[in-house]
Amino acid sequence: MTNKLVRGYEIVIGLENHVQLSTQSKIFSGSSTAFGAEPNTQASAVDLALPGTLPVLNRGAVERAIRFGLAVGAKVAPLSIFARKNYFYPDLPKGYQISQFEIPVVQGGKVEFFVGDKKHSVNLTRAHLEEDAGKSLHEDYHGQSGIDLNRAGTPLLEIVSEPDMRSGAEAAEYAKTLHALVMWLGICDGNMQEGSFRCDVNVSVRKPGEPYGTRREIKNLNSFRYLLQAVDYEVNWQIDQLEDGLAIQQATVLFNPDTGETRAMRSKEDSADYRYFPDPDLPPLMIAPEWVERVKAEMPELPAVMAQRFQDVDGLPAYDATMMTQSLATARFYEAAREGCGAPKLVANWVMGEISRRLNAEERAIDASPVPAMTLAALIKRIQDGTISNNAAKQVFEALWSGEGSDVDALIEAKGLKQMSDSGELERILDEVLAANAKSVEEYRAGKDKAFNALVGQAMKATKGKANPSAVNELLRKKLGG
Amino acid sequence: MALTPQDVSRIAHLARLELQEAESAALLPQLNGFFSIVEQMSAVDTRGVEPLYTPLSTVQQVALRLREDRVTESNQRELNQRSAPAVEDGLFLVPKVIE
Amino acid sequence: MSGLDPKPLHQLGVAELGRALAAKSVSSAELTQHLLARVTSHEALGAFLHVDADAALAAAKAADARRAGGDTGALLGVPLAHKDIFVTRDMPTTAGSKILAGYRSPFDATVLARLFAAGTVSLGKLNCDEFAMGSANENSAYGPVANPWDAARVPGGSSGGSAAAVSARLVPAATGTDTGGSIRQPASFTGITGIKPTYGVCSRYGMIAFASSLDQAGPMARSAEDCALLLSAMSGFDERDATSVERPPQDFHAQMQQAREGATAAQPLKGLRIGLPKEFFPAGLSSDVDKAVREGLSQMEKLGATLVEVSLPRTELAIPVYYIIAPAEASSNLSRFDGVKFGHRAAQYDDLLDMYKKTRAEGFGAEVKRRIMIGSYVLSHGYYDAYYLQAQKLRRMIADDFQQCFTQCDLIAGPVAPTVAWKHGEGKDDPVKAYLADIFTLPGSLAGLPGMSVPVGFGEGGMPVGLQLLGNYFQEGRLLHAAHALQQATDWHQQAPSGY
């Protein structure tokens with residue numbers, strides 16, 4: 001593939017996404033995972049690592065990992081190992097994080113998405129189960145920080161991609177697709193403000209053909225817009241360094257949305273040696289084939305499969321099909337509207353056009369669209385049966401969206417947008433037009449086709465655009481021919 | 001192989017232990033004495049041997065037992081924090097955390 | 001004291017007390033009073049770290065009330081004391097460490113909760129080596145423990161307080177924990193009986209972790225029968241411990257009494273093959289220990305057992321293997337002691353890093369620091385494969401050697417320790433030398449096998465010597481049966497140190 005270069009450099013990006021799994025209880029304890037509770041009211045003795053406590057793994061977290069593995073066509077490991085990642089940090093109660101190191105539960109797989117109408121495929125290295133850390137509150141307590149461990153022990157699936165992305169746009173699109181997928185699968189609520197879906201982005205640059213450059217990891221990006229900004233800033237910063245003859249040091253950096261800049265984290269400086277070893281409190285996680293089969297049977301139709309169906313059955317182009325499966329809500333909307341009007345391509349056009357344009361503008365989700373699927377279907381029906389023109393349909397849509405009305409036919413009536421189907425009336429007008437434009441009629445008869453178009457134009461004007469253009473053409477030719 | 005004073009201070013830092021001069025000085029020969037009895041280990045050929053992470057796997061397959069996904073804990077903050085060195089508004093206080 | 005029993009109350013074991021309480025010849029309250037008085041008069045032993053007389057008496061009265069209400073149960077009203085490595089809700093828990101000074105757990109360890117539910121009375125918490133790291137109880141932040149047989153000598157460790165308290169007749173029995181021999185070795189040094197069950201038989205929940213893949217709780221008492229009664233109550237599946245073995249509750253007392261096939265009254269051990277690993281009888285084994293152990297074995301022969309020589313070729317390797325694995329796990333298990341959520345925090349520090357380092361430097365003792373250093377080093381980048389991984393592979397080879405032995409014998413026997421209890425202060429300067437003395441208990445610990453120490457006489461300085469019996473996985477019943485048979489025929493276990 002040909003990669004867009006930035007200032008002569010190729011950008012290499014890999015992502016690590018931390019996905020909070022939508023379990024009721026924590027990964028190793030029976031504490032609630034509900035967001036927003038009073039500090040440390042959802043931190044049990046186990047979560048606080050009080051002396052003598054031990055972890056017991058939550059089946060629901062494993063089940064969600066299996067779901068994800070199946071969805072991306074990865075290998076669900078029949079045996080995987082929990083390991084301790086040792087480092088000291090106040091939000092890490094045990095002084096180690098229980099994670100998976102050498103043998104993760106999900107191995108391989110890939111994620112496909114479009115950037116514009118170009119299809120991309122990103123390979124996954126792995127996805128492993130681990131526990132989330134608590135939070136350090138930085139507002140000042142007489143020069144100290146406050147530690148809230150409610151989040152400690154929330155189940156995470158860390159999804160690691162190969163360095164397959166070559167631009168911020170690709171990275172953002174990959175992240176969006178992953179985000180949509182985990183929500184589609186019902187394994188994560190996708191709430192990025194609350195940190196349910198976080199992106200760490202590994203960025204490096206190199207001259208084409210050269211080996212990978214040294215990467216810096218941008219931590220904890222919680223919006224796709226920030227991701228784009230951060231990558232853009234980081235790429236140019238790295239290129240500046242190299243252009244100034246400076247080497248890139250491997251580092252963990254934070255993105256500051258206010259300044260739009262990235263800066264190296266101080267706290268991570270010496271956490272190089274994690275002393276991983278298998279957690280002796282947790283024997284190997286065994287996943288029997290029967291379990292995988294059961295999860296497979298309960299899986300919803302996957303976006304890719306559904307998109308293929310939209311191509312095969314509805315005859316949508318690949319791009320449209322993918323767009324109609326961006327989220328479960330979009331797919332449901334599309335399918336309902338298609339059922340209602342039987343015109344898949346028209347529905348796709350409207351969803352990709354007017355609807356998403358307005359939704360984006362108002363930052364609404366499609367399931368909150370002021371124009372519901374069945375209403376859109378009714379509108380499309382009226383275009384198909386020639387009752388209204390496309391332009392008229394847009395006016396009706398505006399009215400529906402703005403809440404001026406909710407019944408398509410009523411609005412068409414009220415706005416008088418109905419195309420003229422009464423041929424008697426049309427003939428009367430056409431006769432007037434012909435009479436009033438004798439010159440054009442002669443020219444036409446003399447063989448000037450342009451003259452015919454002029455007459456059509458006059459006719460449309462005389463009908464104030466309500467006439468069905470094809471009907472006008474037909475009648476005119478008949479009259480002139482006669 | 002013998003440990004150096006640098007190894008000792010590196011490990012002490014990793015383990016978050018402040019060692020006094022005298023302590024480090026005493027530790028070095030002790031650690032080296034220990035690792036001298038460890039040497040015999042490396043002589044054994046263990047190729048193809050599975051590590052024994054949990055004892056019972058000597059005689060049977062040991063699989064991790066799983067919990068059902070249910071909330072079983074209630075708020076015990078007061079009891080859980082009764083031995084905490086510094087608490088305010090239910091938060092554990094620590095010296096400023098710099099990211 | 002009331003009742004017709006000629007023996008003073010403190011000489012009675014758990015089973016005898018159970019019978020006396022059932023016969024109402026004594027009340028739990030009287031018994032508790034009597035023992036509390038002894039605890040006070042023998043404070044000098046240093047066995048107890050915490051005594052709560054009022055709570056003990058209240059528990060005793062509650063037990064008496066339960067009995068009056070028709071409740072029975074072999075342990076109802078029996079006073080015990082517990083190694084301070086088990087967390088307790090109503091008593092402080094220190095693990096013998098300064099870093100936990102004044103710590104109050106919000107919950108009881110599962111093992112203790114079960115003993116409490118059985119109606120046992122807790123007199124208090126017992127001294128031990130800091131975080132159970134030691135074999136002389138000289139690593140406790142709260143002072144050493146004297147061996148009742150000779151105050152100048154150590155009681156063994158890490159369950160030294162438990163061993164001393166039981167040996168000195170302050171309590172009929174106590175809980176202990178065994179990671180590399182911490183129940184068996186102090187039992188041997190103080191002339192009592194102790195059993196470490198198969199890994200996974202007793203819940204580790206609420207037992208402050210030293211080395212998670214090795215730690216096991218067990219009873220320390222004055223007879224195999226008493227151990228059987230306690231182990232039945234302590235053990236069993238616990239959903240809070242992912243390494244706890246899922247199986248129905250066991251009645252070890254019944255298993256202990258189960259007669260062997262073809263056994264006779266005179267020969268209760270008929271057909272029992274006892275394997276003697278030649279590596280357990282090296283040249284370096286001191287002659288007094290060797291003599292006592294062989295005397296115990298010949299008694300078992302008289303009872304019908306046959307002795308067969310077997311081999312555990314990697315016995316010596318068990319030392320480095322254990323002292324890699326245990327410190328590695330410990331270095332990680334002890335990271336939670338950081339001055340943030342509980343326990344000691346340094347008074348003065350510059351910043352977060354300094355707070356960690358000073359807190360841990362002040363809170364941990366020399367041996368704990370040593371093991372944290374060893375553990376952190378062997379896990380650190382570039383050394384993992386050579387040390388930790390290699391050790392875990394050797395651990396499997398050692399465990400496989402035992403399985404090989406058990407094709408030739410039913411039980412394995414040998415000494416618990418190469419010598420009798422040594423003098424206070426000896427070997428303190430050379431920690432590595434102390435590690436070598438664990439040689440006979442470490443192999444069984446690494447394999448996770450059940451093991452016992454049973455008194456078989458006395459050696460140098462009139463100090464007790466213990467016979468170590470090791471069984472295959474879940475063979476606690478067979479171990480207890482053999483030990484019980486021996487104790488029915490001998491009285492070594494009934495010898496009390498003079499003055500107690």
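Is C:Lys83 buried or exposed in this predicted model? At 0% relative accessibility, C:Lys83 counts as buried (buried: under 20% relative accessible area; exposed: over 50%; partly exposed: in between; 1.4 Å probe, protein chains only). The model is predicted, with local features needing pLDDT of at least 70 and side-chain atom pairs counting only at pLDDT 80 or more, while totals for chains, interfaces and linings use all residues. Residues are numbered from 1 along each chain as its sequence is written, chains are lettered from A and ligands numbered from 1 in the order in which they are written, and side-chain values use heavy atoms, without hydrogens and water.

View 1. The unreviewed UniProt entry annotates C:Lys83, C:Ser158 and C:Ser182 as "active site" (positions are in the numbering used here, feature names are shortened, and annotations may be inferred rather than shown by experiment). These residues span 100 residues in sequence, yet no two of their C-alpha atoms are more than 11.0 Å apart, so they gather at one spot.

**View 2. C:Lys83 and C:Ser158.** C:Lys83 lies in strand S2 (residues 79-83), whereas C:Ser158 is in the loop between strand S3 (121-126) and helix H5 (160-167) (DSSP runs numbered from the N terminus; helices are H or I, at least four residues, and strands E, at least two). C:Ser158 is also buried, at 0% relative accessible area. The side chains of C:Ser158 and C:Lys83 make a polar contact of 2.7 Å (N or O atoms within 3.5 Å; within protein, one must be able to donate a hydrogen and the other to accept it, and residues adjacent in sequence count only if both atoms are side-chain atoms). Beyond four places in sequence, the residues in contact with C:Ser158 include C:Asn127, C:Met133 and C:Ser182 (contact: heavy atoms within 4.5 Å).

**View 3. Interface of chain C and chain B.** The contact takes 79 residues from chain C and 57 residues from chain B. About 5500 Å² is buried between the two chains, 67% of it from carbon and sulfur atoms (accessible area, 1.4 Å probe, that two parts lose on being put together, summed over both). In chain C, C:Met373, C:Tyr377 and C:Arg396 lose the most area to chain B, together 14% of what that side buries.

**View 4. Salt bridge between C:Glu246 and B:Arg65.** The closest N and O atoms of this pair are 3.9 Å apart (salt bridge: a side-chain nitrogen of Lys or Arg within 4 Å of a carboxyl oxygen of Asp or Glu). Chain C and chain B share four salt bridges.
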